[in-house]
Amino acid sequence: MKKVVIYTSSTCSHCHHAMEYFDSKNIPYEEKNVSKDPEARKYLLQKKILGVPAIYIDDELIMGFEEAKINELLGI
């Protein structure tokens, strides 16, 4: 199974929607909440990523919740 990491913030509705989607498909993921985790925030800033959700599937980055792209990368 591919590794999924979702960078989120506490107030981001798209982030919550993305996590609900992964939960509904029983796809495990690691959440990194930039509102609570300064290291996660620092990582995104180093990558010049200024928005969330930032979803990594293995090494592929998806900005925002793009269901079709997620499904393509996960092969579902």
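## Disulfide

Cys 12 and Cys 15 are both buried (under 20% relative accessible area, with exposed over 50% and partly exposed in between; 1.4 Å probe, protein chains only). The model is a predicted one, in which local features need pLDDT of at least 70 and side-chain atom pairs count only at pLDDT 80 or more, while totals for chains, interfaces and linings use all residues. Residues are numbered from 1 along each chain as its sequence is written, and side-chain values use heavy atoms, with hydrogens and water left out.

The structure has one disulfide, defined as a pair of cysteine sulfur atoms within 2.5 Å. The sulfur atoms of Cys 12 and Cys 15, which form this bond, are 2.4 Å apart. The disulfide is right-handed because the torsion about the S-S bond of Cys 12 and Cys 15 is about 85°.

## Fold

Three helices and four strands occur in the chain, taken as DSSP runs (H or I of at least four residues for helices, E of at least two for strands) numbered from the N terminus. Their order along the sequence is β-α-β-α-β-β-α.

Of the contacts (heavy atoms within 4.5 Å) between residues at least 6 apart in sequence, 57% join residues at least 24 apart.

## Dimensions and burial

Along the principal axes, the C-alpha atoms fill a box of roughly 30 × 25 × 20 Å. Buried residues account for 38% of the 76 residues in the chain.
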